[in-house]
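Biologist: Hi! Could you walk me through this one? I'm new to it.
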Amino acid sequence: VSSGFGKMNMASDDFYIVYEDNETLEILSSLISNAVKQVGIVNMAQPEYDLGIIYTNGNKQGYHLWVGEKGEKSTLMKVDDTHTIYTVSEEMTNKLIDLVQ
């Protein structure tokens with residue numbers, strides 16, 4: 001569940017779910033690397049989820065996530081850039097639905 005726009009608690013003991021298995025990490029990596037930047041001014045509802053990524057080198061990145069319905073696109077937004085959104089494919093949405101349920 002999201003903390004709201006522009007903020008996210010990145011303390012690892014406060015995460016709702018921690019994914020460390022290779023299959024899930026590959027899905028999340030694909031989610032981020034295949035997201036398509038959208039142009040224009042964004043006006044989004046409060047985010048549904050926050051997604052915190054902690055890389056093996058210790059770097060951290062937070063994202064807000066809106067998961068679409070099956071067959072729809074989903075939307076990502078970097079926590080530190082609330083003026084830009086990225087969309088992900090319908091196929092990726094179907095995988096996300098399975099992860100967040």
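Modeller: Happy to! Helices (H or I, at least four residues) and strands (E, at least two) are DSSP runs, numbered from the N terminus. With that, Y63 sits in strand β3, residues 60-66. This is a predicted model, where local features need pLDDT of at least 70, side-chain atom pairs count only at pLDDT 80 or more, and totals for chains, interfaces and linings use all residues. Residues are numbered from 1 along each chain as its sequence is written, and side-chain values use heavy atoms, with hydrogens and water left out.
Biologist: Is Y63 buried or exposed?
Modeller: Y63 is buried, as its relative accessible area is 6%. Buried means under 20%, exposed over 50%, and partly exposed in between (1.4 Å probe, protein chains only).
Biologist: Zooming out, how many helices and strands does the protein have?
Modeller: Two helices and five strands. Their order from the N terminus is α-β-β-β-β-β-α.
Biologist: What share of the residues is buried?
Modeller: Of the 101 residues in the protein, 36% are buried.
Biologist: What about contacts between residues 24 or more positions apart?
Modeller: Such pairs make up 51% of the contacts with a separation of 6 or more; contact means heavy atoms within 4.5 Å.
Biologist: New topic: where is D21?
Modeller: D21 is in the segment before α1, which spans 22-33. D21 is partly exposed, with a relative accessible area of 36%.
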